[in-house]
Amino acid sequence: MTVNQILSTKGSNVYSIISTISVYDAIKVMGEKNVGAILIIEDDQLKGILSERDYARKIVLKGKSSKSTLVNEIMVSKVITVLPTDDLDYCMEMMISKRIRHLPVVENDKVIGLISIGDVVKSIIEKQKETIQLLDSYINGTQS
């Protein structure tokens, strides 16, 4: 199973902001869109990512003000990305080893989607369910 298969099911909506807005405004957009992370895209280029975890660790725990801190002060600028053709096992490995929960999907230097660890786990579980059903049918002689 590939990233492209997740995007075909989930959709490829990409929510983004610019890096010069306040963290407060960024979190507000994330709340409105009901997402746990948002991409920072400027001039059609991926510049960074901001997650709820970044907000909690870099604003709340450090006693900073989200209204006076700009996104570019706390965003992650070295963004790990995947291709639409990448395998979900590879994505899971990247998320676990890099301790991240979101992967922007990039094709021809353009962001075409964003997948979360929840998307990957859900897809892997669905694939395992299909495999179990096939094996059960085979063992019980009920395959068609």
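This is a predicted model: local features need pLDDT of at least 70, side-chain atom pairs count only at pLDDT 80 or more; totals for chains, interfaces and linings use all residues.
Local features require pLDDT of at least 70 and side-chain atom pairs count only at pLDDT 80 or more, whereas totals for chains, interfaces and linings use all residues. Residues are numbered from 1 along each chain as its sequence is written, and side-chain values use heavy atoms, with hydrogens and water left out.

**View 1. The largest pocket and its volume.** This pocket (an open set of points on a 1 Å grid over the protein atoms alone, where a 1.4 Å probe fits, with protein on both sides within 12 Å along at least five of seven lines) holds about 390 Å³ of space. The volume is the space filled by probe spheres set on the points, which are joined across faces, edges and corners.

**View 2. Lining of the largest pocket.** The lining (residues with an atom within 4 Å of a point) comprises 19 residues, with Ser-51, Asp-54, Arg-99, Ile-100 and Arg-101 nearest the centre. At least two residues each come from β3 (45-51), α3 (52-60) and β4 (102-107); α3 gives the most, five. Helices (H or I, at least four residues) and strands (E, at least two) are DSSP runs, numbered from the N terminus.

View 3. Two or more residues come from each of β2 (37-42) and β5 (110-116), and β2 supplies the largest share, three residues.
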